[in-house]
Amino acid sequence: MLIFNSRDKEYKSIISAIATDEKCKFRIIVPRDCKCSCATLAIKKEGDGESTAYYGMFWAGMCGDYHEYWELHFSATTAGLYFYHFELDTPWGKSYVRNSGRGVGELNANGGEFQQTVYDKNFVTPDFIKGGIIYQIFPDRFYNSGQEKKNVPKTRVLRQWGDEPYWSEEQMKGHWNNDYFGGDLKGIEEKLYYISQLGVNCIYLNPIFEAHSNHRYDTADYEKIDSLLGTEDDLKSLCKTAKEKYNISIILDGVFSHTGCDSKYFNKYGRYNTVGAYNSKESPYFSWYKFIRYPDKYHAWWGIGLLPEVIEEDESYRNYICGKDGILRKWLRCGISGWRLDVADELPDIFLDDLRKAVKDENENALIIGEVWENATNKFAYGQRRKYLLGEELDSVMNYPFDNAILNFVRFGNGASFFDSIMSVVETYPPQALNVLMNHIGTHDTERAITRLAGPDCNGKSRLWQHQNNRLDAYDYLKGLSMMKMASLIQFTLPGVPSIYYGDEIGMQGMKDPFNRTCMEWDHQNKELLKWYRRLGQIRRGTKALKEGEFIPVYSSDYAIAYERLGESDSLLVVVNNGNAEEKIFVGEQWNNSYSYFDFNCQNGYVSLPPKRYAMLYRQN
């Protein structure tokens, strides 16, 4: 019997972050032969110096013949990260119960502290996204409406739709990411019906502001839509049609940690009729940038000279982005429903505080999602612990821990490792943030999901190697389609909101940038996989437990997992066998006679699955 498990309600009444002033019961189960005379919770709030608070626990009775309960209720009045362990007084001196890994507390283990996140009790997140589906679009590569493109810089290289993006120095001739395929906002609007059939209620667009690369992460003018994509009126039309006709909201990519050097703010190449920071120290934008040796040496994002870093603490910059008539509010007034923040961990707290105030003042139900690749509650960046999810900054984040957990399980197995990754997020995130997590298995920054699952590992490989290995052979592609079904089934049933990277639903392949950013293959769709994604969308719409239901691990082995989403009115059970042998898994007799979405049901409390198969059962509570 475990002494403590932070991921089990037998020991901790709330398996998540808690709100300020919310009471959480802690319980330890101590062996009688420890002869414990006193049990104490030792807890310290990070940032409070060396001060540790000690709370006496009360003896709460016997647990069988050989163990006893010690309990207390804990609450905190201020938001922050709290780290704790337990101390026992015994005839032999102090004994300690610390985290030996995976939330398990062991006696006198050489482990670390347990984490308890406490968030502001007034923290709320937007309802419109909960229980929904996000669809991510790389605008240049989704669909070309054929609308005439006006005022397009002549230096841009316009390509034939469907050709492979340029990937070598010889092709680009020194102008990286300068090839375009002409996808536009009107094209996205024309394909809203297709997107809606996937059950999508939110579209996330990679950057659409004027910039001089096809990815547009080198913003040239925050106030203008890039001419190849269309106009401000086109964006307004897209937002209006999406919302009114399909109940789909649009969120934009906000790139606020850096601009392009070829921008009206920096103006290194004199393209703009402005006095940029590069042109004069008297420029209104000079204070935005940090020069080392003026004008040619300056701080740049990851040392890339094309992307000069912005000093986000600068008052004039913060006012330009977050002010009363700033960039954030301008585009919210055009009909967008929120922002995804590029490299959010490089944005300081003072900027994020101002950003949240501006966005929520303009539209309290607008969404703010940050790009954070690690656990966002204990992320340590730029010399300090970040406070993204304590109630004053982000609503939620892109969920890379779930991404890795899903793809690693489907490709390699190991159910225990899968649940460890999932529960490390579930137990530390505020529930309202957990329910709006952006759960992707592929993005513009990673290989295509099917390639990651069934293709060779491209980490550390050159672009030439990736070009040569970019397509799966027929056998691996069929294997990848089967793996995509399993991965997406898990993705769509975990806490949070599944995010589909355009084309993943039709089986598009691709290594890393630029091979993962090819044109949408409208004429080469895998119909079977598309039908599968549409079915998952229907299931999400009809299952309330997938909106805010509790996540409960039920079973794990080397190659099998089972978990429940427990809601107030209904519940969903997911069982997956990723092994090469049949698995008979006990899930409980409450699942007998439940509705089965696929071919397998529960008999006498057991679900029997052949190799590489899955079951999903539904019941009303």
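A crossing of two helices is left-handed if the near helix is turned anticlockwise from the far one by less than a right angle, and right-handed if clockwise. In this predicted model, the crossing of α5 and α7 is right-handed. The contact joins Y317, R318, I321 and C322 of α5 to I350, F351, D354, L355 and A358 of α7, where contact means heavy atoms within 4.5 Å. Of these residues, 7 are nonpolar, none is polar and 2 are charged (Ala, Val, Leu, Ile, Met, Phe, Trp, Tyr, Cys and Pro count as nonpolar, Asp, Glu, Lys and Arg as charged, and the others, Gly among them, as polar).

Helix α5 spans residues 315-322 and helix α7 residues 349-362; their axes lie 10 Å apart at an angle of about 25°. The two helices are therefore roughly parallel to each other, a term for angles under 35 degrees.

Attention now turns to the second largest pocket. Its space amounts to about 680 Å³, and 30 residues line it, with I15, M423, V426, E550 and F551 nearest its centre. A pocket is an open set of points on a 1 Å grid where a 1.4 Å probe fits, with protein on both sides within 12 Å along at least five of seven lines; lining residues have an atom within 4 Å of a point. Two or more lining residues come from each of α9 (415-426), α10 (431-434) and β28 (550-556). Strand β28 supplies the largest share, 7 residues. The lining comprises 17 nonpolar, 5 polar and 8 charged residues.

Residues are numbered from 1 along each chain as its sequence is written. Local features need pLDDT of at least 70 and side-chain atom pairs pLDDT 80 or more, while totals for chains, interfaces and linings use all residues, and side-chain values use heavy atoms, without hydrogens and water.

Conventions
Points joined across faces, edges and corners; volume = space filled by probe spheres on them. Helix = DSSP H or I, 4+ residues; strand = E, 2+ residues; numbered from the N terminus. Axes fitted to C-alpha atoms, helices over the stretch in contact; angles between N-to-C directions. Parallel < 35°, antiparallel > 145°, perpendicular 65-115°, else oblique.
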